[in-house]
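Here are my notes on this model, as numbered points. Please read them with the coordinates open.

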Amino acid sequence: MFINDFTTMLEAARNKGPKRVAVAAAHDPEVLRSLAEAREAGIIEAGYLVGDARLTEALAKREGLSLDGFELIDEIKTSKAARRVVLLAREGKADIVVKGQLKTAELLSTALNREIGLRERRLMTHVGIFEIPGIERLIYISDSGVVPYPDVYQKLEIIRNAVEVAHRFGLKEPKVAILAATEAVHPKIPASIDALALAKMAEQGWVEGAIVDGPMALDTAISEHSARVKGIKSPVAGRADILIVPNVEAGNIMAKGIQYFAHARMAGHVVGAKVPILINSRADTAETRFLSLAMAVYLA
């Protein structure tokens, strides 16, 4: 199935659902609204709401939302709420872990715990998918949420994870741009050196089922006009599907810039774990959370 917009993604999620969720620090109106919409859409079923139970019930009542079928687990301390949802997923009682009103680091540190966490052999990375006005394809961005300053080997895993998601969305050979400030390699710009090494590694077979090139500036990766003006000849230039950012700072700024300035819609979650982990910003809307749930349900 080829998924090139969020409408098609939602249809695919309905066909794969419903799935069970476990939400850490669930006492948040946007979280509760997204869960209600997801359940109404048929992509999730009953799950676990871990957090301040009294506040969660009060918020649901205020918003006119039903909590029928959800098990409320009263745990005010966010670190314990994070531990509880991770254990629920580890025990097979939840298919998706969702972050509510707690810091991303608090949930991920538990998920990454070697004894009780959700680690597998793969590197856990975040893949965001963007539906951007004026661009007739989905744009995948990674990693904007998990690995702060990845080395070359971690970037290789970031690429592989993003390519796998794109394959699941029906892209047979996604085009991957490894971003840097410019296309020129410079010893004082480490991202450019990493990008050159990764492009060569991909050429030698380290990445399967994708066309990889870099270093590449953002405009060259996305705009055929920019690539033509600069004289950049590459099958990726102007047609990139996947953008690999130098580090979490760049990725996070880019993701939020696309949402707030370009009014794009976004879905995203952490891949490489036993189950999908949603780490939406605490300021994200119910719509972004709902779309992220749909993405997670389809990929779970």
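At what angle do helix H1 and helix H11 pack, and how far apart are their axes? The points below start there. Bear in mind throughout that this is a predicted model.

1. **H1 against H11.** Helix H1 covers residues 6-16 and helix H11 covers residues 286-299. Their packing angle is about 50°, and the axes lie 8 Å apart. An angle between 35 and 65 degrees counts as oblique, so H1 is oblique to H11. The hand of this crossing is left.

2. **H6 against H7.** Helix H7 spans residues 190-203, and its axis comes within 10 Å of the axis of H6. The two cross at roughly 60°. H6 and H7 are therefore oblique to each other as well. Here the crossing is right-handed, whereas that of H1 and H11 is left-handed.

3. **The largest pocket: size and lining.** Its volume is about 370 Å³. The lining consists of 21 residues. Nearest the centre are Ser144, Asn252, Lys256, Ile279 and Ser281. By class, the lining holds 8 nonpolar, 10 polar and 3 charged residues.

4. **The largest pocket: which elements build it?** Helix H5 (104-111), helix H10 (248-262) and strand S10 (265-271) each contribute at least two lining residues. H10 gives the most, with 6 residues.

5. **The largest pocket: where does it lie?** This pocket lies between domain 1 (6-120 + 273-299) and domain 2 (125-262), because both give residues to its lining. Note that domain 1 is assigned in two segments, 6-120 and 273-299.

6. **The second largest pocket: size and lining.** About 240 Å³ of space is found here. The lining has 17 residues, and those closest to the centre are Arg122, Val271, Gly272, Ala273 and Leu299.

7. The top contributor is H6, with 4 residues. Domain 1 and domain 2 each provide at least three residues of this lining.

8. How many cavities of 30 Å³ or more does a search of the whole structure find? The search returns 1. The largest cavity holds about 40 Å³ of space. Its lining is made up of Leu32, Leu35, Ala36, Leu49, Leu65, Ser66, Leu67 and Phe70. Helix H2 (residues 29-40) gives the largest share, 3 residues. The lining has 7 nonpolar residues, 1 polar residue and no charged ones.

9. **Cis peptide bonds.** Most peptide bonds are trans. One joins Gly17 and Pro18, with omega about -5°. Pro18 sits in the loop between H1 and strand S1 (21-24). The other joins Ser142 and Asp143, with omega about 0°. Asp143 belongs to the loop between strand S6 (139-142) and H6.

10. **A positive phi.** Most residues other than glycine have a negative phi. Ala25 has a positive one, near 55°. Where is Ala25 found? Ala25 is in the loop between S1 and H2.

Key
Residues are numbered from 1 along each chain as its sequence is written. This is a predicted model: local features need pLDDT of at least 70, side-chain atom pairs count only at pLDDT 80 or more; totals for chains, interfaces and linings use all residues. Side-chain values use heavy atoms; hydrogens and water are left out. On a 1 Å grid over the protein atoms alone, a cavity is a set of points where a 1.4 Å probe fits but cannot get out, and a pocket is an open set with protein on both sides within 12 Å along at least five of seven lines; lining residues have an atom within 4 Å of a point. Grid points are joined across faces, edges and corners, and a volume is the space filled by probe spheres set on the points. Ala, Val, Leu, Ile, Met, Phe, Trp, Tyr, Cys and Pro count as nonpolar, Asp, Glu, Lys and Arg as charged, and the others, Gly among them, as polar. Domain bounds come from an automatic or database domain assignment. Axes are lines fitted to C-alpha atoms, for helices over the stretch in contact, and angles run from 0 to 180 degrees between N-to-C directions. Angles under 35 degrees count as roughly parallel, over 145 as roughly antiparallel, 65 to 115 as roughly perpendicular and the rest as oblique. A crossing is left-handed if the near helix is turned anticlockwise from the far one by less than a right angle, and right-handed if clockwise.
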